Amino acid sequence: MPFSLIPRRVFNRYGDITTQYLKEQHITLLLSDLDFTLAPKSTRRPDQALRDWIAGLEAAGIAFMIVSNNRSGTRVTEFCADLGVPYQGHAGKPSTRGLEAAMARAGADRAHTAMLGDKLLTDMLAANRAGVLALMVEPLGGAVTVWQRVLHALQAPFKAASRKRSG
């Protein structure tokens, strides 16, 4: 299991990840974090833009599942039910167990799976350790607390390394 915090690619937001890009990477399953990746943590229901993006993935033959460390099962359950997508809760990222369970449920292998997230120490580390394509987005809703501002500052060099590597 490689220990790397560097994502393969950093995007501004989830909507910038196209089905064409995922197809070029041979991705058939996209796993995604929820909080700050697809919606700010305070957002209780998915918006139409997210619904449309997921519908586009599914139309292109790319399965989608949320993999979350969120301690509130209610929020994730309701959000995913509203979207009509499956989720793997209590994922334990950066452990790979949640990603592996999600891939097993979807019948996908590492070579055809990507993980989308906003945090290096959970999402990107889990993706790299699991051997799946690590895709990062800037956090939706931005840094609110002092800790989040510090965390974002600490992530900057790793995101810069990813951007340099992906050209």
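The buried residues of helix H5 are Leu120, Thr122, Asp123, Met124, Leu125, Ala126, Ala127, Asn128 and Ala130, where buried means under 20% relative accessible area, exposed over 50% and partly exposed in between, with a 1.4 Å probe and protein chains only. H5 is thus mostly covered, with nine of its 11 residues buried. The model is predicted: local features need pLDDT of at least 70, side-chain atom pairs count only at pLDDT 80 or more, and totals for chains, interfaces and linings use all residues. Residues are numbered from 1 along each chain as its sequence is written, and side-chain values use heavy atoms, with hydrogens and water left out.

**Overall fold**

- The protein chain has six helices and six strands; these are DSSP runs numbered from the N terminus, helices being H or I with at least four residues and strands E with at least two.
- Along the sequence the pattern is β-α-β-α-β-α-β-α-β-α-β-α.
- The radius of gyration of the protein chain is 15 Å, close to the 15 Å that the globule rule gives for 167 residues, so the chain is as compact as a globular protein of that length; the radius is taken over C-alpha atoms, and the rule is 2.2 Å times the number of residues to the power 0.38.
- Taken along the principal axes, the C-alpha atoms fill a box of roughly 35 × 35 × 30 Å.
- Of the 167 residues, 45% count as buried.
- Among contacts (heavy atoms within 4.5 Å) with a separation of 6 or more, 67% are between residues 24 or more positions apart.
- Just after H5, Gly131 has a positive phi of about 75°.

**Nonpolar cores**

- A nonpolar core is a set of buried Ala, Val, Leu, Ile, Met, Phe, Trp, Tyr and Cys residues joined through side-chain atoms within 4.5 Å.
- The largest nonpolar core has 28 residues, of which Leu22, Leu30, Leu38, Trp53, Phe64 and Leu116 touch the most other members.
- At least two residues of this core come from each of helix H1 (19-24), helix H2 (48-59), strand E3 (63-67), helix H3 (73-83), strand E5 (113-117) and strand E6 (133-137).
- Another core, of 21 residues, lies apart from it and includes Met65, Leu99, Ala102 and Met124.
- Beyond its neighbours within four places in sequence, Phe64 is in contact with Leu29, Leu30, Ser32, Leu38, Trp53, Ile54, Leu57, Val85 and Pro86.

**Pockets and cavity**

- On a 1 Å grid over the protein atoms alone, a cavity is a set of points where a 1.4 Å probe fits but cannot get out; a pocket is an open set with protein on both sides within 12 Å along at least five of seven lines, and lining residues have an atom within 4 Å of a point.
- Grid points are joined across faces, edges and corners, and a volume is the space filled by probe spheres set on the points.
- The largest pocket has a volume of about 370 Å³.
- Its lining has 14 residues, of which Asp35, Lys41, Asn69, Asn70 and Lys119 lie nearest its centre.
- The second largest pocket has a volume of about 200 Å³.
- Of its 15 lining residues, Arg8, Asn128, Val132, Leu133 and Ala134 are the closest to its centre.
- Helix H5 (120-130) and E6 are the elements that give two or more residues to this lining.
- One cavity of 30 Å³ or more is found in the whole structure.
- The largest cavity has a volume of about 70 Å³ and is lined by Phe36, Asp118, Lys119, Pro139, Gly142, Gln148, Leu151, His152 and Gln155.
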